[in-house]
Amino acid sequence: MKIVLALTDQSFAATKSVGIFNVSLGLARGLAQCPGVEELHILGNSECSEHFKGAPAHVHVHLADKAVPRRFGRIWWDQVGVCNAIRRTGADWAILPKGFPPYFPSLGGTRLACYLHDVNWEYYMGPTAPGDSPFPRHELLYFRNLGIRSLEVADLVLTSTHFNEARYHAYVPQANVAVVGIGFDEPARPAAPHTGRDILFYVSPFPHKLTALGIQRLQAWLAQREDAADIRIHLLGRLPEGTALPSAQWIRHGRMPQEEMERVMHGECRAAAYFSAYEGFGMPPVECLRGGLPCVASDLPPIRENIPARYLFDNASEESFIRTLNAVYDNPGTADTPTYPTWGEVAARCVAAMRKA
């Protein structure tokens, strides 16, 4: 099978999601090693091409001849330029790892697979949407229309959870969807008891990440503990603008280098907390468990698919959160680490789904 993977718009500077960037690179690595792939063509830019130095001879990286376009230039590239580049490869299949195809894809004899990750716009446009969406309505409409369009025109839709599959079929019942998961190439951290006393708390400026609720719940948890004075809360990520922290026990880190992250997670923390009102997969709790750190998380369907039930709490219940965190915190054993696929296994699932489509 001859496959082309379009990474030309996958850039830390041009994408809102570093997670999708890393997932796209992981899929590329898996496809490069997949026995069923005779040729792999990667449409890349100068940034992502660095990740494919020393790739096998059947892997061909095609560089875009300019930087990632912006504004209307970006739309022109997404709608026309990518199609032209795909047609030139003559591949059997084209995979778009961000999931959004052109409105009128013209790929010649190449079939289209879209790797869709969620329907995030549902949260911001549905009947219970918050009134403080950080995204302009025209942008939400653009991505909503592209998402539904991908379900309608793709020969195959790849995704990571059965929750996503159900949401896609709610919009386009005839969509051909294959749940292939998300892979991990690095081995899980060996299990070891946690001796630290602190909490790692994932925060975000986006409303669906429920940062304000997390601060409220963690402060309530501290208030009922006799040892609260010895516990610090490490905030990982960006806070919503204007957020006030309860005390000096709350430490802001932002995005940490990996070495510092390891030190905080394994030298100072006993558990992590992840709040969310909407997910397509829920990567941070999984990464915590793979790193050997127990993580309590909002009980959402896609998160429920990927981490053990004992770590889940009800967003609506303060008592549920406190009970769940206490059960983990007061029994500092090792994290339960489910088995997750490698990127090679995910790539093999993708190829199998393409052969079946």
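Predicted model: local features only at pLDDT ≥ 70, side-chain atom pairs only at ≥ 80, totals over all residues.

Q: OK. How many helices and strands are in the chain?

A: The chain has 11 helices and 13 strands. Its radius of gyration is 21 Å, close to the 21 Å that the globule rule gives for 357 residues, so the chain is as compact as a globular protein of that length.

Q: And what box do the C-alpha atoms fill?

A: Roughly 65 × 45 × 35 Å, along the principal axes.

Q: How much of the chain counts as buried?

A: 53% of the 357 residues. The accessible surface is about 16300 Å², and carbon and sulfur atoms make up 53% of that.

Q: What share of the contacts comes from residues 24 or more positions apart?

A: 65%, counting contacts with a separation of 6 or more.

Q: Switching to charges: how far apart are the mean positions of the positive and negative ones?

A: They are 5 Å apart, with 34 positive and 36 negative charges in the chain.

Q: Now the rings. How many aromatic pairs are there?

A: The structure holds 16. One of them is Phe135 with Phe206: the ring centres are 5.4 Å apart and the planes sit at 15°, which is under the 30 degrees cut-off, so the pair is stacked.

Q: Where do Phe135 and Phe206 sit in the chain?

A: Phe135 is in the loop between helix H3 (121-125) and helix H4 (137-153), while Phe206 is in the loop between strand E8 (198-202) and helix H6 (211-223). The two are 71 residues apart, and the pair links distant parts of the chain.

Q: Is Phe135 buried or exposed? And what about Phe206?

A: Phe135 counts as buried, at 18% relative accessibility. Phe206 is at 26%, so that one counts as partly exposed.

Q: What kind of pair do Phe201 and Phe275 make?

A: Edge-to-face, because the planes are at 80°, with the ring centres 6.1 Å apart. Phe201 lies in strand E8 and Phe275 in the loop between strand E11 (269-274) and helix H8 (283-290), so the pair ties together parts that are 74 residues apart in sequence. Both Phe201 and Phe275 are buried.

Q: Which aromatic cluster are they in?

A: Phe201 and Phe275 form one cluster with Trp250, Phe313 and Phe321.

Q: What about Val23, where is it and what does it touch?

A: Val23 is in helix H1 (residues 18-32) and is buried, with a relative accessible area of 5%. Leaving out residues up to four places away in sequence, Val23 touches Tyr115, His117, Ile182, Met283 and Trp343.

Q: Last one, Ala353: which helix, and buried or exposed?

A: Ala353 is in helix H11 (residues 343-356), and with a relative accessible area of 14% this residue is buried. Beyond neighbours within four places in sequence, Ala353 contacts Leu156, Leu158 and Ala178.

Q: How far is Ala353 from Asn176?

A: They are 177 residues apart in sequence and 9.6 Å apart in space, C-alpha to C-alpha.

Note on methods: Residues numbered from 1 in each chain as written. Heavy atoms only, no water. Helix = DSSP H or I, 4+ residues; strand = E, 2+ residues; numbered from the N terminus. Rg over C-alpha atoms; globule rule 2.2 N^0.38 Å. Buried < 20%, exposed > 50% of the residue type's maximum accessible area, 1.4 Å probe, protein only. Contact = heavy atoms within 4.5 Å. Areas by Shrake-Rupley, 256 points an atom, 1.4 Å probe, with all protein chains shown as cover. Lys, Arg positive; Asp, Glu negative; His and termini not counted. Charge placed at Lys NZ, Arg CZ, Asp CG, Glu CD. Phe/Tyr/Trp six-rings, centres within 6.5 Å; stacked < 30°, edge-to-face > 60°.
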